[in-house]
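Here is a short note for a colleague who is opening this structure for the first time. Please keep the 3D view at hand while reading the points below.

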Amino acid sequence: MLENAPFRMVDLVEHLISLNAERAETKGLSFRTQFSELPTILIGDRLRLSQALLNYISNAIKFTEQGSITLRASIVSEDENGLLARFEVKDSGIGIDEEAASRLFKSFEQADNSTTRKYGGTGLGLAITRRLAELMGGEVGFESQPGAGSTFWMTARFSRAKPDAHPQSALTLTVASSAPEEQLRAPHYAGLRILLAEDDRLNQEIALEILHELAGLNLTLANNGLVAVNLAKTQKFDLILMDLLMPEMNGLTAASEIRALPGYEQTPIIAMSANAFAEDRARCQAVGINDHVPKPVDPDQLFNTLLKWLPPPKTLENT
């Protein structure tokens, strides 16, 4: 279900830039933004919009060796109730040829396997962005020329804030900070292993983008609870992210079985679910689940939860 809450576009843009600032600076890339055409306050699903644009930006940085990344937005159409907005991420990277272009935005495909070998990653964020845009009543597309960069775009529908709305009271305004993911990229977290039990491919790819691409963490995927239990029997993980609703074996059963395995008595298990955690709190605690991250996942909330439960630096240094 889509969220329908007010948010400031400037906060979302600052958040996206802060999440990617370190990776861009490492390659000498600069960010440019053009969002003045949009209303100050939009009403819609901030998290899904953020995740969709995050995938575009991540790919733009990955496939650009020099130059800049431009984020811009415009209004496609509008009426008294709402508007259709277009968001673009333009890079000065390697570009895409016509033959490869036909395969983009398809699940689990990338333009060229040789590109994967050279630049790393999978480029699967494009398929994720397409699905997220469709959920928000929009579509996706791109313009590109080999060697001359690419512009990837998406559209999404939003409601308008009422004229008498007061942004300061309607929203909780926070200053975007890249500190959580920067902490997770520190050397003492590099060797830690995280198991993600999740059956939905979209959620798997979003987790990979957030945890591996942004935070640099080592992530192993399990398509359901049974696979997660079998992996835990043969491998040691430092933290487990557990979806609650999965086929073959649900998250509660899987958590209970993993908790009973030798060496997993104290391993943090974090539930990931769109359901209200309060309703399942007693059952989750009974099987040894330590904490909860709601879906859709807010990257900062996930990072802070991981920092709360992963072994602190001093513990790692003394082992």
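**Notes on a helix pair and a sheet**

1. Start with two helices. The crossing of H1 and H2 is right-handed. Keep in mind that this is a predicted model.

2. Next, the geometry of that pair. Helix H1 covers residues 9–26 and helix H2 covers residues 46–62. They pack at an angle of about 30 degrees, and their axes are 10 Å apart. Angles under 35 degrees count as roughly parallel. H1 and H2 are therefore roughly parallel to each other.

3. Which residues in H1 meet H2? On the H1 side they are Met9, Asp11, Leu12, His15, Leu16, Leu19, Asn20, Arg23 and Ala24. On the H2 side they are Arg46, Leu49, Ser50, Leu53, Leu54, Ile57, Ser58, Ile61 and Lys62. The residues of this contact divide into 10 nonpolar, four polar and four charged.

4. Now look at Arg8. This residue is found in strand E1, residues 5–8. Is Arg8 buried or partly exposed? Arg8 is partly exposed, because its relative accessible area is 23% and buried means under 20%. Arg8 and Ile43 are 35 residues apart in sequence. In space, their C-alpha atoms are 8.9 Å apart.

5. Strand E10 spans residues 239–243. Four bridges join E10 to E11, and the two run parallel. Ile240 has Ile269 in E11 as its bridge partner. Asp243 stands opposite Met272 in E11.

6. Why is strand E11 described as largely enclosed by the rest of the structure? Five of the five residues of E11 (residues 269–273) are buried, so the strand is largely enclosed. Both faces are covered. Ile269, Ala271 and Ser273 are buried on one side, and Ile270 and Met272 are buried on the other.

Technical notes. Residues numbered from 1 in each chain as written. Predicted model: local features only at pLDDT ≥ 70, side-chain atom pairs only at ≥ 80, totals over all residues. Heavy atoms only, no water. Axes fitted to C-alpha atoms, helices over the stretch in contact; angles between N-to-C directions. Parallel < 35°, antiparallel > 145°, perpendicular 65-115°, else oblique. Left-handed = near helix turned anticlockwise from the far one by under 90°. Contact = heavy atoms within 4.5 Å. Nonpolar A, V, L, I, M, F, W, Y, C, P; charged D, E, K, R; others polar. Buried < 20%, exposed > 50% of the residue type's maximum accessible area, 1.4 Å probe, protein only. Pairing = 2+ DSSP bridges.
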